[in-house]
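These notebook entries record what I looked up, going from the whole chain to single residues. The sequence and the model come before the entries.

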Amino acid sequence: MRLHRNLVFAVIDALNMIFNERNYADKVIEKVLKYDKRWGARDRGFIAETTYEIVRYKRLYAEIAEVYEPYSRANLFRLFAVWAVLRGIPLPDWKQLEETPVRRIKGRFDELSKTRKFRESFPDWLDELGEKALGNELWTKESAALNKQAEVILRTNTLKTTKASLKKALAQEEIETTTLNEFPQALKLSVRKNVFVTQAFKDGLFEVQDASSQLVADYLEVQPGQRVVDACAGAGGKTLHLAALMQNKGQLIAMDIYESKLKKLKIRARRNGVHNMETRVIDSTKVIKKLHGKADRVLLDAPCSGLGVIRRNPDSKWKLEPEFLERIKGIQKDILRDYSKMVKPGGKLVYATCSILPEENAEQVVNFLNSEAGESFELVKEQNIYASKSGFDGFYMALLTKKA
Ligand SMILES: C[S@@+](CC[C@H](N)C(=O)[O-])C[C@H]1O[C@@H](n2cnc3c(N)ncnc32)[C@H](O)[C@@H]1O
């Protein structure tokens with residue numbers, strides 16, 4: 001591989017915005033990719049993937065390069081040089097890469113790789129937390145799996161098409177996909193491509209949604225004609241799936257505390273041909289109270305640490321803080337206590353997170369069941385999904401029923 005100056009400079013700019021200015025990696029990459037319209041798919045892929053890789057391994061590369069935050073431009077080039085050397089990419093004779101100590105980099109890599117928190121590049125507190133929560137063996141595998149690039153998975157929108165027809169439509173647009181056995185509506189891209197520009201996407205034939213996430217709506221066992229509440233709907237990845245499972249029949253109420261997210265959901269719903277959904281902003285407790293005892297099904301896809309989806313958001317390793325985890329656990333507890341009241345007797349509730357920490361998952365459910373609000377509920381089943389075992393995002397889901 002030959003390194004191109006303007007692409008490498010774009011990576012350095014992106015790293016500066018992510019590490020020093022603390023912007024979100026996905027937003028930064030979106031911005032940097034707009035620098036030059038002439039860049040092709042391969043150039044864009046280089047910028048995005050190289051930036052993500054250096055974000056993933058920030059701690060390891062910084063230890064190898066012996067550089068500390070905030071990173072000067074010269075030090076960002078040193079991080080880049082570590083990435084290039086470890087990949088075996090020949091370094092060009094640019095002045096920014098002069099005097100790169102290739103042998104020393106390889107030596108330090110071998111030494112530091114013996115220690116998990118350096119090898120997998122996790123902050124001390126998170127590495128300790130992961131080991132305490134999952135045990136040494138599972139966390140060692142999981143921390144490695146969370147550093148793998150996530151594949152692109154699509155969910156067929158069964159309101160508009162079938163998986164087989166979607167596969168064909170995408171093939172006509174030169175997008176090859178394979179099916180995944182345990183996921184009825186999923187297609188996996190054989191080669192990473194921008195699927196948002198396809199006609200199939202514009203026609204609402206699919207949404208991009210990780211395979212683990214596709215299990216959540218199924219878990220709620222919805223039926224056409226029911227009243228279903230998605231209480232933490234966000235931009236509605238799971239709401240759209242619920243609408244499809246309900247075959248557009250019944251009432252689907254999507255809620256969130258952020259109106260901006262629900263606005264995005266409305267746009268997606270239109271594209272998906274969803275007609276049975278309405279959105280409600282949770283701007284007071286009244287919004288929830290109005291629905292007490294009225295819902296056949298309630299989905300609580302709760303806000304969480306996102307530890308299960310680090311493959312997609314590697315910068316969250318560096319943004320997450322112990323205080324945030326404590327705060328979010330409090331919110332999860334409140335959500336379970338307050339929103340579960342919307343379930344009618346005999347109805348069902350799913351509590352889900354994209355975290356792998358028991359304290360956000362099974363322990364929240366146990367505490368809820370032992371509380372006054374939870375005494376009329378029973379746990380039917382629960383599932384922990386680990387990236388190291390499934391190859392997809394880490395997730396947790398629990399199905400509860402309210403006694404009739
Ligand atoms: C894991 S995300 C939801 C993702 C979404 N269900 C999907 O599939 O695309 C959690 C959502 O909960 C929302 N949220 C945070 N606090 C909340 C609260 N107290 N009540 C309702 N929603 C809340 C966040 O704005 C966020 O959109």
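Entry 1, overall dimensions. I take the radius of gyration over C-alpha atoms, and the globule rule is 2.2 Å times the number of residues to the power 0.38. The model I am reading is predicted. For 404 residues the rule gives a radius of gyration near 22 Å for a compact globule; I find 23 Å for the protein chain, which agrees. I placed the C-alpha atoms in a box along the principal axes, and they fill roughly 75 × 50 × 40 Å.

I read 19 helices and 11 strands in the protein chain. Buried residues make up 42% of the 404 residues. Among contacts with a separation of 6 or more, I note that 70% are between residues 24 or more positions apart.

Which residues are closest to the ligand? I list C232, G234, G237, K238 and D301, from a shell of 17 residues. The elements that give two or more residues to this shell are α13 and α17, the latter spanning 322-339. By class, I find 10 nonpolar, three polar and four charged residues in the shell.

I next asked why helix α13 is largely enclosed by the rest of the structure. The buried residues are G237, K238, T239, L240, H241, L242, A243 and A244. After α13 comes Q247, for which I note a positive phi, near 55°.

I traced the pairing of β3 (residues 186-189) with β1 (residues 153-156): three bridges join them, and the two run antiparallel. β2 (residues 177-179) is also joined to β3 by three bridges, again antiparallel. K188 of β3 is the bridge partner of I153, and T178 stands opposite K188 as well. Between β2 and β3, which form a hairpin, I find six residues.

Is I29 buried or exposed? I29 has 22 C-beta neighbours inside 10 Å and therefore counts as buried, the cut-off for burial being 20 or more. I29 lies in helix α2, residues 25-32. Leaving aside residues up to four places away in sequence, I29 touches A14, A48 and T51. I29 and A48 are 19 residues apart in sequence, yet I find 6.2 Å between their C-alpha atoms.

Conventions
Residues numbered from 1 in each chain as written. Predicted model: local features only at pLDDT ≥ 70, side-chain atom pairs only at ≥ 80, totals over all residues. Buried ≥ 20, exposed ≤ 12 C-beta atoms within 10 Å, placed from the backbone. Helix = DSSP H or I, 4+ residues; strand = E, 2+ residues; numbered from the N terminus. Pairing = 2+ DSSP bridges. Contact = placed C-beta atoms within 7 Å. Near = placed C-beta within 6 Å. Nonpolar A, V, L, I, M, F, W, Y, C, P; charged D, E, K, R; others polar.
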